[in-house]
Amino acid sequence: MVGHRIITLILFLAAWHEAATLVPIRSVAVDIGQNLTLACAEEDALPQSGESVGVMWIREGREDGQIERLKVEPNGALQLINVSADDAGNYSCTLDDDHDAVKTRINVQVRTPPPALHNVWVKPSTILANILWEVAGTGGYPIIDFTAEYRLKPNVGEEPEDWKPIVPTHIPPNSRQIDVYHLVPNTTYSFRVWATNQLGRGEIVEVEGHTQHSSEELELARHLLAGVENFDTRVWVAAVGIVMGTLMILGIGTCYLLYRECKVPSQLEEQEVIELVPNIILNPGFFDERTEHIPQDENFNNQTTTRLNNNSVVQPMRL
């Protein structure tokens, strides 16, 4: 008898599944936290007003505890209160007077903030780090941007410091990595990153990374200080003395050349100076075409006039 009932139940479920597959499924999207009402059938397929409507709603993969947020209205519609991400799935209903005919099939899609990013990891260097991630979903709305922050990992018993934003604060939605600069070598940092859509910030993913030692600086210092123990300071003093002596000789030579340039005039300047010196030597009188004769005076003085080099005429003194 029990076996006969089991066979009957299996046949009923098989017939219902076959009937359900014949009904096209339609999709309905709703934002998380809102209420959603699903109609079982068209109004003309429902009983007239005043009559009770017997419906049966079935959800594929039903969740425990969901029944508390479900409500069947008098007209047979199913109301989902305060929708969560777990309410997404396929819903179907039948009427009591026709169990074999599935009236509707609805796929409920719940739009949420972006889920947690996948494969988030850090590739640290000495003073910078590269954060990489992958996107597993958008939550139903396009991603607006990504945001990343970092801080020093606190020691046990210490108060953690505030998160520092990584520039740019709004990472483009097509980016899958970001660089962090000005880090300290050989230090552990905490990094976190998340995506954002129009419903808000998604789930935060936090990872850690340890920067590397600055081996290049150590090698450079070791190379520069190689053999410093055996260095003779007398060589350094001799080199400094040679350099200072050379500089002193160059300075004295430069001063001497400047002195000669300022004190010794050139040949052209010497000629010009000679031409400008007035010749004040008197020219003795002599007979030439410029000599002036004067008539003999009462003192029988017939001396000629005397002309100076500046063309001044000196008359003989009259007694």
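## Close-up views of a predicted model

View 1. K71 stands opposite Q79 in β5. Welcome to a predicted model, in which residues are numbered from 1 along each chain as its sequence is written, local features need pLDDT of at least 70, and side-chain atom pairs count only at pLDDT 80 or more, while totals for chains, interfaces and linings use all residues. Side-chain values use heavy atoms, with hydrogens and water left out. β4 and β5 (residues 78-80) pair in the antiparallel sense over three bridges; two strands count as paired if DSSP finds at least two bridges between them. Strands here are DSSP runs (E, at least two residues) and helices are runs too (H or I, at least four), numbered from the N terminus.

**View 2. The open sheet with its three strands.** The strand order is β2-β5-β4, with antiparallel pairing. Which strands sit at the edges? They are β2 (36-38) and β4 (70-72), each pairing on one side only. As a reminder, strands of a sheet pair through backbone hydrogen bonds.

**View 3. The largest nonpolar core.** This core has 22 residues, and I131, W133 and F191 have the most contacts inside it. A nonpolar core is a set of buried Ala, Val, Leu, Ile, Met, Phe, Trp, Tyr and Cys residues joined through side-chain atoms within 4.5 Å. Buried means under 20% relative accessible area, exposed over 50%, and partly exposed in between (1.4 Å probe, protein chains only). Strand β13 (188-197) gives the most to this core, with four residues. Leaving aside neighbours within four places in sequence, F191 is in contact (heavy atoms within 4.5 Å) with residues including V122, I131, W163 and V207.

**View 4. A second, separate core.** Look for V30, L38, W57 and L95, which are among the 16 residues of this core.

View 5. C40 is joined to C93 by a disulfide, with 2.0 Å from S to S; the rule asks for a pair of cysteine sulfur atoms within 2.5 Å. The link of C40 and C93 is right-handed, with 105° about the S-S bond. Because C40 lies in the loop between β2 and β3 (55-59) and C93 in strand β6 (residues 89-95), the pair ties together parts that are 53 residues apart in sequence. Are these cysteines buried or exposed? C40 is buried, at 2% relative accessible area, and C93 is buried too, at 1%.

**View 6. Two exposed cysteines.** C255 is exposed, with a relative accessible area of 52%. C262 also counts as exposed, at 65%.
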